Amino acid sequence: MATASIPRVSASVVVLKAALQKIFENLRAAGFTLVGPRVRDGAIVLDEIAALDDLPRGWTEDKQPGRYRLVPGRNGQYFGFTVGPHSWKQFLHPPSALLFTARKSNGAWVFEPAKPQAPQYAFIGVRPCDLKAIALQDRALLEGPVPDPHYRARRRQVFLLAANCGEAAATCFCTSMKTGPRASTGFDLALTELPDGFLIDVGSETGSEMLQDTEWEPATAFDLGRATQALQRAERQQRELRTDDLPRLLYSNLEHPHWDEVAARCLSCGNCTLACPTCFCTTVEDSSDLRGQVARRTRVWDSCFTGDFSQVHGGNTRPTIRSRYRQFLTHKYASWIDQFGTVGCVGCGRCMTWCPVGIDPTQEVKAFRVSPARPK
């Protein structure tokens, strides 16, 4: 196996697993900071990585609604897991971002807008559902009448190395949402882990260049067949969510008594929205120094589950847990379509995994279908 040139865009090639280290080195030489999955604090989180050995090789997850455990995986795979509590939005749409600073000078305030930071990240191991989540955040934060300059500066710099899913967790439903387990667009490189190497799909010229000096070969029909079998296995392992009638189903059941049953379990903690890779809601916080000479405005993540989020002049538009959970579910599966032309869920299952009481949106939606509200 030895090829001096680089493959064309849209080509499928195979490399030995050790060749991924050379791709990492090429990315670092091109100025990228590598961010990828690694084991920390009993979970697979996203953090800066330097080498192949930093990946959580040989680990997988035991996930159920309300449960997450890191456990040894099969066959020592580098990507034998799905998604942890983190998502890539923490790097593209950080939890805290300074917007401007105001300084008092000669009795007047001088405002200094914060310069958007643009680190040059290479995201390693982006799952297909998370690729779709990034596309949804692009839709919300870039394609409106006022693009977010902070998100735009970071998004322009990102290299995306996707990892197709050969295994699915019990909380995954990306097949129902048509976001996985294979990445089709939006990546520079996309790999599928095979027992003896990686099958890599080339999605961009930059991705092709990162294969420079690796020993790659064109994928054979046998290689493609093995990759397809792995992805089909991941499809069979998933739970299902019927999506063809979601807006009608939810809009016609806004006063259904099932919302009260969910509210009795929901803690309104906001974990689901913080773990969700598509949620983007924020608020602002103002602070000043003790002398009153410098003030700062900072944007921070917020959640539709917090009481303050829906507090407006004259009262709170969603004062109850019932109304907040209804807002969360109907926004994801109905009004997102009205706003952006697509659902706001990618089927990653983080919301149910990291819900302290294991509320499962696939089952909550199913409850309305099994017993719809009676017309008045």
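Biologist: Let's start with Ala-153: is it buried or exposed?

Modeller: This is a predicted model, where local features need pLDDT of at least 70, side-chain atom pairs count only at pLDDT 80 or more, and totals for chains, interfaces and linings use all residues. Residues are numbered from 1 along each chain as its sequence is written, and side-chain values use heavy atoms, with hydrogens and water left out. Buried means under 20% relative accessible area, exposed over 50%, and partly exposed in between, using a 1.4 Å probe and protein chains only. Ala-153 has a relative accessible area of 17%, so it is buried.

Biologist: Which residues does Ala-153 touch, leaving out those up to four places away in sequence?

Modeller: Ala-153 sits in helix 4, residues 149–155 (helices are DSSP runs of H or I with at least four residues, strands are runs of E with at least two, both numbered from the N terminus). A contact means heavy atoms within 4.5 Å. On that basis, Ala-153 touches Pro-116, Gln-117 and Ala-118.

Biologist: And how far is Ala-153 from His-86, C-alpha to C-alpha?

Modeller: Along the chain, Ala-153 and His-86 are 67 residues apart.

Biologist: Now Glu-193. Why does it count as buried?

Modeller: Glu-193 belongs to strand 10, which covers residues 189–194. It falls in the buried class because its relative accessible area is 10%.

Biologist: What does the side chain of Ser-204 reach?

Modeller: Ser-204 lies in the loop between strand 11 (197–202) and helix 6 (205–209), and at 15% relative accessible area it is buried. Leaving aside neighbours within four places, Ser-204 is in contact with Val-9, Phe-187 and Asp-188. At 3.0 Å, its side chain reaches the backbone nitrogen of Gly-207.

Biologist: On to the backbone. Which residues does a cis peptide bond join?

Modeller: Look in the loop between helix 5 (174–177) and strand 10, where you'll find Pro-181. Omega is about 5 degrees for the cis bond, and the pair it joins is Gly-180 and Pro-181.

Biologist: What is the phi of Asn-106?

Modeller: Asn-106 is in the loop between strand 6 (96–105) and strand 7 (108–113). With 82% relative accessibility, it counts as exposed. Although it is not a glycine, Asn-106 has a positive phi of about 55 degrees.

Biologist: And what about phi of Ser-10?

Modeller: Ser-10 comes in the segment before strand 1 (12–15), and its relative accessible area of 51% makes it exposed. Its phi is positive too, in a residue other than glycine, and lies near 85 degrees.

Biologist: How far apart in space are Val-71 and Gly-341?

Modeller: Val-71 is in strand 5, residues 67–72, and is partly exposed at 26% relative accessibility. Besides neighbours within four places, it is in contact with Gly-58, Trp-59, Thr-60, Glu-61 and Asp-62. From Val-71 to Gly-341 is 270 residues in sequence, and C-alpha to C-alpha the distance is 39 Å.

Biologist: Zooming out, what is the radius of gyration of the chain?

Modeller: The chain has 13 helices and 16 strands, and its C-alpha trace spans about 70 × 65 × 40 Å along the principal axes. The radius is taken over C-alpha atoms, and the globule rule is 2.2 Å times the number of residues to the power 0.38. For 376 residues, a compact globule would be near 21 Å, and the chain agrees with that at 23 Å.

Biologist: Last one: how much of the chain counts as buried?

Modeller: Among contacts with a separation of 6 or more, 72% come from residues 24 or more positions apart. Of the 376 residues, the buried share is 49%.

Terms used:
Polar contact = N/O pair within 3.5 Å; in protein donor to acceptor, adjacent residues only side chain to side chain.
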